[in-house]
Amino acid sequence: GAELATLSPAGQVLLLEVFASRRIDDLRPVALAALSSPAAEVRVAAARALAQLGDADSVPALLALAENPDGLGKEAFSSLRQMAAPGVGAALLALARDAAGERRLLCVDLLIERRAESAFPVLLEFARQEEDRKLGASAWKGVALLGGRDDLPTLVEVLTTASSDTLRRSAAKAIVAVARREPVASPRTAALLTALPKASPEARIELIGALGELGGAEALAAVREALAAAPELRAAAVRALGTWPDASPADLLLTLAREETDPVLRVLALRGCVRALGQPDAPPPAETVRRLGELLAAAGRDEDRKVVLAGLGQVSHRDALAALRPSLDQPALQAEAVAAVLKVA
C-alpha cells in the first residue's frame, strides 16, 4: 500500500484489485487516496475497490464523485450501492437529510437501490413535499418499494389528508404496491376500508380505485355501495370494478352494461365485464360465452362490439363459434370476427 503511488497506472490498477479481492480493510485509506490519482484508470479502480473496502467514512468522497455522469461517477455510484460495511446506510440517510437538489436526489436513489428499509420515514417526508417533483417521484418509488404492512395506515392517512390530486394519486399507487406484497387472505385492505366512510370525496375516489386493484370480498362490498353515491363516486366505482383482479364483479358489470344510463359508464362496465370474464376464475366456458353474448347484444357501438368479439375469441369452446358467426356477415365487424374465430378454432 505504501508503494502504490510509485507503480505505473497499470500496476496500481492491478494492486487495487488485489486489495479489494482480499478485503484488506487497513488499505482503505490507500484506496481513498487513489481517488485523487492523476490517472483516470486508477481513479476508477479505486472507486471499484471501495465497493469492498469502503465504510461509512468513505461515503462523502464517493458521493461527490457519483454526482458526475462520467465513468468514474457510475463506478462510485455502483460502489455506494454495494458497500456492506456497518453504517453506510445511516451515513447516506444523514446526507440525504442535510443535502438539497441533485445530491439529495442521488442519496434517495442510493437508499432505494440499497433497499434501506430504515429510510422509509425520510422518504415519505420527501414524498409529501410537492415543491420538487423529481425528488417526489423518486421518493414515492422508494416508499412503494420499502413500505410494509405496518406502513399502510400511515400511507392511507397521507392519502386522506393530501391537499392535491397529484399527492393523492401518488399515495394510492404506493398503497397498492405495498398491499400487493401481502397475501390476498391478509387484511391488506383494512386501512382503506376504515378510512373510506370519513374521507373527503376526492380521497374516496382514490381509495375506491385502490380497492379495485387489490380486490377481495370486503372491498367489493364497499365499491358496490359506492355505486349508489354521488356521480363522481359512482364513476370511480365503475372504473374500480373494471380493474378488479378476479372475475367476482362480472355479473355486476354485466348488469351495469345493460342498464346504466350514462353512456361513458356503460362502456366502462362493458369493457370491464369482458376483462373480468377473461380472468382465470371466470365461469365455465359455456357460461362465459352466454354472458358475452348478452354483452354483445347490449353493446351500442361497433367499437364496443369489437371488444366483446375479442373476448369471445379467448374462449376455447364451440359455443363461442356459434356466438361469433352472425358477426361474420357484418362488414364493420367482419375482420374482428374472423380473427376471433381463428383463435377459437
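Mentor: One term to start with: helices here are DSSP runs of at least four residues, numbered from the N terminus. Also, this is a predicted model.
Trainee: OK, pockets. Which helices each supply at least two residues of the lining of the largest pocket?
Mentor: Three names to find: α11 (165-180), α13 (201-214) and α15 (231-242). The largest share comes from α13, with five residues.
Trainee: What volume does the largest pocket have?
Mentor: About 270 Å³. The lining has 14 residues, and I205, E206, G209, A210 and E213 are the closest to the centre.
Trainee: And what is the lining like by class?
Mentor: Six nonpolar, two polar and six charged residues.
Trainee: Then how do the axes of α1 and α3 cross?
Mentor: At roughly 5°, and they come within 9 Å. Angles under 35 degrees count as roughly parallel, so α1 and α3 are roughly parallel to each other.
Trainee: Which residues of α1 make that contact?
Mentor: P9, Q12, V13, L16, F19 and A20. On the α3 side, look for E41, V42, A45, A46, A49, Q52 and L53. By class, that contact has ten nonpolar, two polar and one charged residues.
Trainee: What about α16 and α18, at what angle do they cross?
Mentor: Roughly 20°, with the axes coming within 9 Å. That makes α16 roughly parallel to α18 too.
Trainee: Is that crossing left-handed or right-handed?
Mentor: Left-handed. D251, L254, A257 and R258 of α16 touch R291, E294, L295 and A298 of α18. Those residues divide into four nonpolar, no polar and four charged.

Key. Residues numbered from 1 in each chain as written. Predicted model: local features only at pLDDT ≥ 70, side-chain atom pairs only at ≥ 80, totals over all residues. Heavy atoms only, no water. Axes fitted to C-alpha atoms, helices over the stretch in contact; angles between N-to-C directions. Parallel < 35°, antiparallel > 145°, perpendicular 65-115°, else oblique. Contact = heavy atoms within 4.5 Å. Nonpolar A, V, L, I, M, F, W, Y, C, P; charged D, E, K, R; others polar. 1 Å grid on protein atoms, 1.4 Å probe; cavity = no way out; pocket = protein on both sides within 12 Å on 5 of 7 lines; lining within 4 Å. Points joined across faces, edges and corners; volume = space filled by probe spheres on them. Left-handed = near helix turned anticlockwise from the far one by under 90°.
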